[in-house]
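Me: I'm new to this structure and would like a close look at a single part. Please start with one loop and follow the chain elements that lead on from there.

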Amino acid sequence: MQLPAHGSNPDHLFKALDMEPPAEMVDFSVNINPLGAPREIKHHWQNWLGDIADYPDPSAAQLKQAIAANEGVREACLLIGNGASELITLIARYLYGKKVLIIHPAFSEYASACKNEHCTIFYHIVHPPNWQLKKASLEQEIKAVDAVFFCHPNNPTGVQYDSSTIDWLIDTCHQAKTLLIIDEAFYDFSSNPISSMKQASQSPYLLVLRSLTKMYSIAGLRLGFLAGHPELLARIGTSQPHWSINAIALKAGAVCLNNHQHSKQTRAYISAERERLFSYFKENNFQHSPGSVNFYLIRDPSLGDQQELFLFLLRSGIVLRHTYNFPGLEGKWLRAAVKKEAENNWLMEALSEWKKGN
Ligand SMILES: Cc1ncc(COP(=O)(O)O)c(C=O)c1O
């Protein structure tokens, strides 16, 4: 079975499986805020039309000011990207030909971007049920590589680690002079967020990556940023194309970051829905990862490979994310986003139907 490598495009998935898409479907494979974009985006949209004739501000000054004010870091410690994905590509280019360790399971783009740049990739795989780092072996592995990618909170497990683990990882990389890249794309969905951004601005061995596309539901606009030491950012930024971030994304980003209410409301909504789902899973004998953000892993413990459940849900119009291309998961779990209440209900109803027949 040849499945698309990413979530977020159900049409590709149904085509790859040679299946007729059902009349109604919900895409649980994409981890975007179910409450949508902040209201101000729609409000300003017409005015922003006037900006499309000019080149965007290459210094992204207004957006950097908004980030610096929110995060307490200097503007010089920020590099803006056309989505976090562009920044991952730039980091990989900077790491050309180097040895890179990825703590897995994790977002698949670290490996693909680094492979494109002829890096040698090593994996440190964490396992259920707690997905903890194996510090003794990891310490040795860190000493043997040039860079480490760590997704925190983790995509796809949704696990957030305690601050002592994060501090240990930062210190261990620093002592080994190994560059640590912490991807905090989903940081703001956590009810108790832990960020390493401030440390990144002071260390030559730490970069922290953020995406604005998930919390603010602007995946089509593309916006992300990287925090780190200014000299390191200057080297990474040399291969970024001119005017890579469009003028509307720059404006929208500043507006989003100034709306603290939107992310606060989202966190409360997600947390309540996640707890409702997790109670249902417990009562109905589905295993789930201890997700702390807007997605989680789920499996029926009576199956090894979850393909049958995946296909059953697809036929019901429910599109989950397969995990065949996540080292350490290999199809034994499915990933689902926390969606709106009615959509989560639909998922639970379909899972109950599945249990009746299995
Ligand atoms: C962990 C992680 N980092 C980065 C990205 C890329 O985000 P962006 O939309 O900002 O390029 C994604 C996208 O799914 C992701 O899951």
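Reply: Start in the loop between E7 and strand E8 (224-227), which is where Arg222 sits. Helices here are DSSP runs of H or I with at least four residues, strands are E runs of at least two, and both are numbered from the N terminus. Arg222 isn't a glycine, yet its phi is positive, at about 75°.

Before going on: this is a predicted model, where local features need pLDDT of at least 70 and side-chain atom pairs 80 or more, while totals for chains, interfaces and linings use all residues. Residues count from 1 along each chain as its sequence is written, and side-chain values use heavy atoms, without hydrogens or water.

Now follow E7 to the second largest pocket. Strand E7 (206-211) supplies at least two residues of its lining, and so do helix H3 (61-71) and helix H11 (260-283). A pocket is an open set of points on a 1 Å grid where a 1.4 Å probe fits, with protein on both sides within 12 Å along at least five of seven lines; lining residues have an atom within 4 Å of a point. The lining has 14 residues, and Asn70, Glu71, Tyr187, Asp188 and Tyr216 lie nearest the centre. By type, the lining splits into 6 nonpolar, 4 polar and 4 charged residues (nonpolar is Ala, Val, Leu, Ile, Met, Phe, Trp, Tyr, Cys and Pro; charged is Asp, Glu, Lys and Arg; the others, Gly among them, are polar). H11 gives the most, with 3 residues.

H11 is also the way into some helix packing. The axes of H11 and H13 come within 11 Å and cross at roughly 10° (axes are lines fitted to C-alpha atoms over the stretch in contact, with angles from 0 to 180 degrees between N-to-C directions). That makes H11 roughly parallel to H13 (under 35 degrees is roughly parallel, over 145 roughly antiparallel, 65 to 115 roughly perpendicular, the rest oblique). On the H11 side, the contact is made by Tyr269, Glu273, Arg276, Leu277, Tyr280 and Phe281, and H13 brings Glu341, Asn344, Asn345, Leu347, Met348, Leu351 and Ser352; contact means heavy atoms within 4.5 Å. Those residues come to 7 nonpolar, 3 polar and 3 charged.

What else does H13 meet? The axis of helix H13 (residues 341-357) comes within 10 Å of the axis of helix H12 (residues 307-315), and the two cross at roughly 125°. H12 and H13 are therefore oblique to each other. H12 makes this contact with Glu308, Leu309, Phe312 and Leu313, and H13 answers with Leu347, Ala350, Leu351, Glu353 and Trp354. Here the count is 7 nonpolar, no polar and 2 charged residues.

Helix H4 (residues 84-94) and helix H9 (residues 230-237) pack at about 95°, with axes 8 Å apart, so they are roughly perpendicular to each other. Leu90, Ile91 and Tyr94 of H4 touch Leu232, Arg235 and Ile236 of H9. This contact has 5 nonpolar residues, no polar ones and 1 charged.

Back to loops, for two cis peptide bonds. One runs from Pro128 to Pro129, with omega near 5°, and Pro129 is in the loop between strand E4 (120-125) and helix H6 (135-143). Another joins His152 and Pro153, with omega about -5°; look for Pro153 in the loop between strand E5 (147-151) and helix H7 (163-176).
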